[in-house]
Amino acid sequence: MKKNRAEQSEFSYYFGKPRLEMNGNECLVDGLKSVVEYSGDKIVISLGKKTITFFGDDLHINSFTREGAVIQGNIISMEFSE
């Protein structure tokens with residue numbers, strides 16, 4: 001059975017691109033390149049050409065791998081920049 005064109009391109013659209021997933025008091029970040037700044041109220045991460053700044057209270061990186069990280073704490077806001 002052949003897959004339709006929409007099913008084939010669904011994963012190719014996201015493959016290799018950064019991805020964020022919020023769940024309660026944590027944010028999973030895939031596509032992480034490096035941690036630029038790290039403190040309890042601000043975490044800045046690089047996704048290559050873009051950066052994400054997390055602002056909040058009691059922020060920390062719970063899990064860190066080559067592919068991504070899990071930011072936990074009271075995340076108040078996020079700022080995206082190039």
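**S46 and its surroundings**

Modeller: Let's start with S46. Skipping neighbours within four places in sequence, S46 is in contact with G31, L32, K33, S34, V36 and T51. Bear in mind that this is a predicted model.

Biologist: Why does S46 count as buried?

Modeller: Buried means under 20% relative accessible area. S46 comes in at 11%, so it counts as buried. Its place is in strand β4, residues 42–46.

Biologist: And what does the side chain of S46 have 3.2 Å from one of its polar atoms?

Modeller: That's the backbone nitrogen of G48. The cut-off for a polar contact is 3.5 Å between N or O atoms, and this pair is 3.2 Å apart.

Biologist: Let's zoom out. How many helices and strands does the protein chain have, and in what order do its elements run?

Modeller: One helix and six strands. Starting at the N terminus, they go α-β-β-β-β-β-β. The chain has 82 residues, and 26% of them are buried. Its accessible surface is about 6200 Å², with 51% of that belonging to carbon and sulfur atoms.

Biologist: T53 next. What makes T53 buried?

Modeller: T53 has a relative accessible area of 6%, which is under the 20% cut-off, so T53 is buried. It sits in strand β5. Leaving out neighbours within four places in sequence, T53 is in contact with K42, I43, V44, S77, M78 and E79.

Biologist: What is in the largest nonpolar core?

Modeller: The largest nonpolar core holds 13 residues, and V29, I43, I45, F54, I71 and I75 have the most contacts inside it. Two or more residues each come from β2 (26–30), β4, β5 and β6. β5 gives the largest share, four residues. As a general point, nonpolar side chains in soluble globular proteins tend to be buried together.

Biologist: Which residues does I75 touch, not counting those up to four places away in sequence?

Modeller: M22, N25, E26, C27, F54, F55 and L59.

Biologist: M22 again! Why is M22 called partly exposed?

Modeller: Partly exposed is the range between the buried cut-off of 20% and the exposed cut-off of 50%. M22, in strand β1, has a relative accessible area of 43%, so it is partly exposed.

Biologist: What makes L20, M22, M78 and F80 a patch?

Modeller: A nonpolar patch takes residues with over 30% relative accessible area, with side chains joined within 5 Å. Take M22: its 43% is over 30%, so it clears that area cut-off. The four form a nonpolar patch on the surface, with about 360 Å² of accessible area together. β1 (19–23) and β6 (68–81) each supply at least two of the patch residues.

Biologist: Now charges. How do you know that R19 and E21 meet in a salt bridge?

Modeller: The cut-off is a side-chain nitrogen within 4 Å of a carboxyl oxygen. For R19 and E21 the N to O distance is 2.8 Å, so the pair qualifies as a salt bridge. R19 is partly exposed at 39% relative accessible area, and E21 is partly exposed at 39% too.

Biologist: What about E37 and K42?

Modeller: Their closest N and O atoms are 3.7 Å apart, still within 4 Å, so this pair is a salt bridge as well. E37 is partly exposed at 34%, and K42 is partly exposed at 26%.

Biologist: Why do you say that K50 and E82 tie parts together?

Modeller: K50 is in the loop between β4 and β5, while E82 is in the segment after β6, so the pair links parts 32 residues apart in sequence. The closest N and O atoms of this salt bridge are 3.3 Å apart. K50 is partly exposed at 45%, whereas E82, at 77%, is over the 50% cut-off and therefore counts as exposed.

Biologist: Which residues do salt bridges with shared partners join into one network?

Modeller: R19, E21 and D30. The structure holds four salt bridges.

Biologist: What makes D58 exposed?

Modeller: The cut-off is over 50%, and D58 has a relative accessible area of 64%, so D58 is exposed. D58 lies in β5, residues 51–64.

Definitions and conventions
Residues numbered from 1 in each chain as written. Predicted model: local features only at pLDDT ≥ 70, side-chain atom pairs only at ≥ 80, totals over all residues. Heavy atoms only, no water. Patch = residues over 30% accessible without salt bridge, like charges linked within 9 Å, V, L, I, M, F, W, Y side chains within 5 Å. Areas by Shrake-Rupley, 256 points an atom, 1.4 Å probe, with all protein chains shown as cover. Buried < 20%, exposed > 50% of the residue type's maximum accessible area, 1.4 Å probe, protein only. Polar contact = N/O pair within 3.5 Å; in protein donor to acceptor, adjacent residues only side chain to side chain. Contact = heavy atoms within 4.5 Å. Core = buried A, V, L, I, M, F, W, Y, C linked by side-chain atoms within 4.5 Å.
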